Structure formats: C-alpha cells, structure tokens
Amino acid sequence: MKVNPLIRFGNVPVQTGTVASCFGYLSSPNEKVRALEKDGQLIRLKRGLYVVNSELSGKPVNACLCANHIYGPSYVSLQWALRWYGLIPEQVHTMTSVTTKRSRAFENSLGRFTYEQVEKDYFAIGINNVSEDGITFLMASREKALCDMLLHDSYLPSQSIKGLLRYLEEDIRFDMDQLGTFDVSIIEACARQGRKENIMNNLIKIIRP
C-alpha cells in the first residue's frame, strides 16, 4: 500500500511549493495541491500555506504553531497567552499574536488570527519557546503577555494605579495571586521600550509595593 506523501509533514505548516514537490511526476502539481485542499487532506491557513489534516497526519493541528507561520516574525500573546497560562478565566476565540510587521488579521477554517505591531526592541523581550504535543512554538512569557495586553488594549481606563487595579481585577479578571510571582525585570524592560511606560511602572508598583 502506497503511503500518502503528506504524512511526512506532520502538523508543521508547509508552503504550496513544498507540497507540490511531492507530486513532481504530475503535469500540474499545483492543481494536485488544490485538489487535496478540496478533498480535506490539506487545510488552507492563508494563500500558499497549508497544514495537513490531523486525521491524515495522526498529529493534532496546533493553532499556536500555525499562528507563528501564518505571519512572522511573531509570537502568541495577549488574551490567548493569558488564557493559556490560566491568568484570565474567559475563553478566547481569536488567536492573538505580536509582530514587528504591520498589524494584520487572517481568517481560515481554524479561526481568526490577529497580529499587533510593536517595535523590534520591544518585540525581543520575554519570548519563550513552548512545547506542546511534541512541537515547539513561540509564545510570550506571562509577564510579556500582560504587558502586550496593556500596550494594545484601548479600553484601559486610566493611568492611575487604582485604575489599573480595577482593569486587572474587574475588566479582565486577572488572577492577582499569580501576579506576585512575576519576573519584574521583564516588565521593567518593557517599560523602557514600550509606549505606555507609566502604566508599566504602575504594574511594577502593584507587584512590588
């Protein structure tokens, strides 16, 4: 029995050309790629980028890994990362990431993927390599995810410590017990590079009264 060549890709997103190279013996490999997508063997993430269906690959499709590949350089952050770390209780239905490129949004059968732009020096702070289901992807540390949230949430009520506490406790229902375990040095680095230095410094004052 002939083995399906798509299995070799596992759950790692692949470009159209990479998939097409498996069918170089055909007169139109790209037509074959489109047929595989129509058949459901390939899931289209964006134009020219696919991931193999988990039923075929035997490996779960990881949305975080897909997010890293859809638009990069990027790392998963904001609400999605805060929920992943168990810091906020609400379910998050949009995969949120940070990038050095302009802000973008993509939609596919996996869901909605959004990307918020930051400066390169700020981008490099507090990124972790996270392993899940045998694959590794880039995600913000707990501290960086919260800083990214503060940086991009337009609903942040005020620049006072009292306002920040209200935002954390009531608006996003942040797990305040975990805040005391945060690495303040990451927040300090974000404060030096980010656009909301006063708010970042207020966060430090809440952690380290």
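## Exercise 1: A leucine and its core

Task: Find which residues Leu-150 touches, not counting residues up to four places away in sequence.

Solution. Keep in mind that this is a predicted model.
- Step 1: Select Leu-150 and set aside the residues up to four places away; the ones it touches are then Leu-156, Leu-164, Tyr-167, Lys-196, Ile-199, Met-200 and Leu-203.
- Step 2: Now place Leu-150 in its surroundings. The largest nonpolar core has 59 residues, and Leu-150 is among those that touch the most other members, together with Leu-146, Leu-164, Leu-168, Phe-174, Leu-179 and Leu-203.
- Step 3: Look for another core. A second, separate one has 12 residues, including Ala-20, Phe-23, Leu-42 and Val-52.
- Step 4: Link this to a general idea: in soluble globular proteins, nonpolar side chains tend to be buried together.

## Exercise 2: A buried charge

Task: Work out which side chain of opposite charge is nearest to Asp-148, and how far away it is.

Solution. 
- Step 1: Locate Asp-148 in helix H7, which covers residues 142-152.
- Step 2: Find the nearest side chain of opposite charge: Lys-144, 4.5 Å away.
- Step 3: Compare this with the cut-off. A salt bridge needs the atoms within 4 Å, so Asp-148, although buried, has no salt bridge.
- Step 4: Check for a polar partner instead. The side chains of Asp-148 and Tyr-122 are joined by a polar contact of 2.7 Å.
- Step 5: Complete the surroundings. Leaving aside neighbours within four places in sequence, Asp-148 is in contact with Tyr-75, Ser-77, Leu-78, Val-98, Tyr-122 and Ala-140.

## Exercise 3: The order of a sheet

Task: In the open sheet of 3 strands, find the strand order and the kind of pairing.

Solution. 
- Step 1: Read across the sheet: the order is E1-E3-E2, and the pairing is antiparallel.
- Step 2: Spot the edges. Strand E1 (14-15) and strand E2 (42-46) each pair on one side only.
- Step 3: Examine one pair. E2 and strand E3 (residues 49-52) run antiparallel and are joined by 4 bridges.

## Exercise 4: A covered helix

Task: How many residues of H4 are buried, and what follows this helix?

Solution. 
- Step 1: Count them: 6 of the 8 residues of H4 are buried. They are Cys-64, Leu-65, Cys-66, Ala-67, Asn-68 and Ile-70.
- Step 2: Go to the start of H4, where a side-chain oxygen of Asn-62 comes within 2.9 Å of the backbone nitrogen of Cys-64.
- Step 3: Move on to the loop between H4 (63-70) and strand E4 (74-76), where Pro-73 is found. The peptide bond from Gly-72 to Pro-73 is cis, with omega near 5°.

Conventions
Residues numbered from 1 in each chain as written. Predicted model: local features only at pLDDT ≥ 70, side-chain atom pairs only at ≥ 80, totals over all residues. Heavy atoms only, no water. Core = buried A, V, L, I, M, F, W, Y, C linked by side-chain atoms within 4.5 Å. Buried < 20%, exposed > 50% of the residue type's maximum accessible area, 1.4 Å probe, protein only. Contact = heavy atoms within 4.5 Å. Helix = DSSP H or I, 4+ residues; strand = E, 2+ residues; numbered from the N terminus. Lys, Arg positive; Asp, Glu negative; His and termini not counted. Polar contact = N/O pair within 3.5 Å; in protein donor to acceptor, adjacent residues only side chain to side chain. Pairing = 2+ DSSP bridges.
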